[in-house]
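I opened this structure to look up a few things and keep notes. The entries follow in the order in which I looked.

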Amino acid sequence: SDHAWIATQSGYLLEVYLDKSFTVSLKAYHYPDKQFRKLIGDRAGNIWCATQKGLSMLTAEYLNKIELPPPYALQQITAIAYGTKDILWIAQNRNLYRVSLSAVHPLMQRVYQAPAPISCLFNDRENRLWMGTMGKGLSYRTEQGSIIKAEEIESIKNGNILSISGTSDRLWVAALTGVYELAYPDKQRKAVHLIKHHNKQSGIGSDYVYFLFPDRKGQIWMATDGAGICMYSGDNYHHWENLDRGDEKVVYSITEDMSGDIWAGAYYKGLYYFNHNQWKAMKQENETDANVSAVTANASGQVMAVYERCIDEWYPNSRQFRHYNYRLDLGIDSTTSVLNCVAKDFQGNVYIPFEHGLLIFNNQSKIYDITPGVQITDIQVLTKPLKKQKKEFNYDENYFTFKFEGISFTNPERLNYRYKLEGLGDKWIATHDESITFPKLPSGNYTFRVQAALDGSFGYAKEDTFSFTINEPLWKRSWFLILLGCLAFFVVYWLIKLREKRQKKLVQLEQERMNFEYEHLKSQVNPHFLFNSLNTLSNLIEEDGAAAVSYTERLSDLYKNILAYRNRDLITLKEDWEILSNYLFVQQCRFGNAFQVQFDVSEELLKTKKIVPMCLQMLVENAIKHNIVSLTQPLRIKIWSDKDEIIASNPLQPKVSKEDGSGLGLINISNRYHLLTKREVVFGPNEKEFVVRIPLL
């Protein structure tokens, strides 16, 4: 680089240049209250200095100031212009002052007092200083210091001059009667010569022109009162009466930037630029409601818009305005409200009067980025900080708060932010807050974006992002729905199969019950049982009529209970005991003391436990059917129970000849229990007894 900064402990900041011939030049800035110890530059062009009093920020890279002592007075300034050899001309009412910018401590030297207030100044290529006055027309000061009044044109001889500008061969003067295109004085003739008078009738649209500006193509731009902007090229006038906002017909100032775009300052706080034959409004946010009094540009591309209490500087590469006011600690509490009171030297540096002297907007040595940075500083989920870079969240983790900060090395004011949450909406939302909350977000993919800007323009704004996903609830996920569908299919399939199994089981149970009934009825109505029962009844009738009646009743109850319970799968143990007791009465009447039954079951089990109908009777009947019953060999049957089963046992006294169907009753009982429960019926002989174990249900 050919540009550097050097600091000294005595408070001097030295700007060092190295030109193409390797010649070093220095420019010194003195800060008597600071002792510099270290320098560092940021990306926005600021110089940060470590001093004995702490950290200081210097703007010398892009902005300097020259403090001027009295008789300098901002309220009295009416015009300024740059001459040659670092000479700046300042007009305060009728007085013309000369300021040497190369002096260590510049002073104002009065060189002329005009007959009327000086309204505008222009220094031409021959180093003639042209002065326009309010009421005394036009005059110029030669390089030798002589004052010559332009009296050749009667209409401006004692007129009000609003603006003076020039091209290589023309002098342009705006008065209340239009614009005058003049020829410069030459060596033979010191007077000006009128070439053309431009006014409302000729094509400007207004006789009142605030400012004249020649661009690099030689075209003359005119800022008018009431006719907007007029551009004169050759013999043609081009008009833009209404700018972008439609009501800007009063224009104060015009300039051209390094890219060739034309800028204009209008009455209603409007700043506009002209590109591709169209005027566009530059939307800004500054602290004042004053109008733009001047617009100018330096040689490195920055455009300055001067307001009553602040100055905005446009950075084309950042597409942002740098804002200068009293908060910058440069003493900018006000600027002049005089229109177009700015000057530019031959290098393009811009001079603007302020309360304590002159602000110098330097040509910048390189392209600086004044775009503020922005960073998401904290993310909270359900009001709790997100400690790690978690990207996926459960469906109920849907309450998000984003905190962010803008970092600006340019402006101390609060920044402008805008944000959007992609996935929830695509619209940017502007805010000055630094915290945004999104409650009850639905499931989906999201990207939070936040940008920061110095003003309302976010064209080149930096941004920070955070992408995350809120998962669907388990019951809404596709794999879960597929799994649920498969599970539902298998459940339905299982229920169908279970129903088929139950139906099959019921059919088998019904069949077994029918078999059981058939076997039982068959056993009850077989000839031996009927013969024995009737024979016993006949004997009782002859011996004891009352006993015969009781016998008949009990036999009747036996068959009645058999018919009553035959269609039931289970009955209580007490109900089955009633069947058994009637059967035992009949058999004891027949066998007498040769047949004995011991029944030991608690009353609680009789009421609460269930058993297959006629099961106990069949056990006793099976014992009688298979064993000898006589006085010499009495048949003693024991029936007892524990909590889970009832047990029947009888001594092994097998008959010599077995009856038909022996063993079918127990098998039938076992089959019926198999359909009702997983618990099995156990029966069989041991050493001396035949034992049957029936589960209680």
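This is a predicted model: local features need pLDDT of at least 70, side-chain atom pairs count only at pLDDT 80 or more; totals for chains, interfaces and linings use all residues.

A reminder to myself: strands of a sheet pair through backbone hydrogen bonds, either parallel or antiparallel.

Which residue forms a salt bridge with Arg 449? I found Glu 463, with the closest N and O atoms 2.6 Å apart. Arg 449 belongs to strand E42 (residues 444–453) and Glu 463 to strand E43 (residues 463–470), and the two are 14 residues apart. I then looked up how accessible the two residues are. Arg 449 has a relative accessible area of 22% and is partly exposed. Glu 463 is partly exposed too, at 33% relative accessibility.

How many salt bridges does the count come to? I wrote down 15. One of them joins the side chains of Glu 181 and Arg 170, at 3.1 Å from N to O. This pair links distant parts of the chain: Glu 181 is in strand E18 (residues 178–183), while Arg 170 is in the loop between strand E16 (161–166) and strand E17 (171–175), 11 residues apart.

Is Glu 181 buried or exposed? I put it down as buried, because its relative accessibility is 8% and the cut-off for buried is under 20%. Arg 170, at a relative accessible area of 25%, is partly exposed.

Next I looked at Glu 645 and Arg 693, whose side chains meet in a salt bridge of 2.8 Å, N to O. Glu 645 lies in strand E48 (residues 645–651) and Arg 693 in strand E50 (residues 689–695), so this pair ties together parts that are 48 residues apart in sequence. I noted Arg 693 as partly exposed, with a relative accessible area of 33%. I also noted a network: Lys 420, Glu 422, Arg 449 and Glu 463 are joined into one by salt bridges that share partners.

I traced a sheet of 4 strands in the order E24-E25-E26-E27, which is open and has antiparallel pairing. Its edge strands are strand E24 (251–256) and strand E27 (278–281), each of which pairs on one side only. On average, neighbouring strands of this sheet are turned by 25 degrees against each other, direction ignored. Strand E26 (residues 271–275) and E27 run antiparallel and are joined by 4 bridges. In that pairing I looked up Tyr 272, whose bridge partner in E27 is Ala 281.

The other sheet I traced is open, has 4 strands in the order E7-E34-E33-E32, and shows antiparallel pairing. Strand E7 (63–67) and strand E32 (343–344) each have a single partner strand, so one side of each is left without a neighbour in the sheet. E32 pairs with strand E33 (residues 350–354) in the antiparallel sense over 2 bridges. The bridge partner of Lys 344 in E33 is Val 350.

Gln 380 is buried, with a relative accessible area of 15%. Its side chain has a polar contact of 3.2 Å with that of Asp 378. Leaving aside neighbours within four places in sequence, its contacts include Pro 385, Leu 386 and Tyr 399. Gln 380 and Tyr 399 are 19 residues apart in sequence, and 8.1 Å apart from C-alpha to C-alpha.

At what angle do helix H5 (residues 573–591) and helix H7 (residues 615–626) pack? I noted about 30 degrees, with the axes 7 Å apart. H5 and H7 are therefore roughly parallel to each other. Among the residues that make the contact are Trp 577 and Tyr 583 of H5, and Val 620 and Ile 624 of H7.

Methods: Residues are numbered from 1 along each chain as its sequence is written. Side-chain values use heavy atoms; hydrogens and water are left out. Buried means under 20% relative accessible area, exposed over 50%, partly exposed in between (1.4 Å probe, protein chains only). Contact means heavy atoms within 4.5 Å. A polar contact is a pair of N or O atoms within 3.5 Å; within protein, one must be able to donate a hydrogen and the other to accept it, and residues adjacent in sequence count only if both atoms are side-chain atoms. A salt bridge is a side-chain nitrogen of Lys or Arg within 4 Å of a carboxyl oxygen of Asp or Glu. Two strands pair if DSSP finds at least two bridges between them. Axes are lines fitted to C-alpha atoms, for helices over the stretch in contact, and angles run from 0 to 180 degrees between N-to-C directions. Angles under 35 degrees count as roughly parallel, over 145 as roughly antiparallel, 65 to 115 as roughly perpendicular and the rest as oblique.
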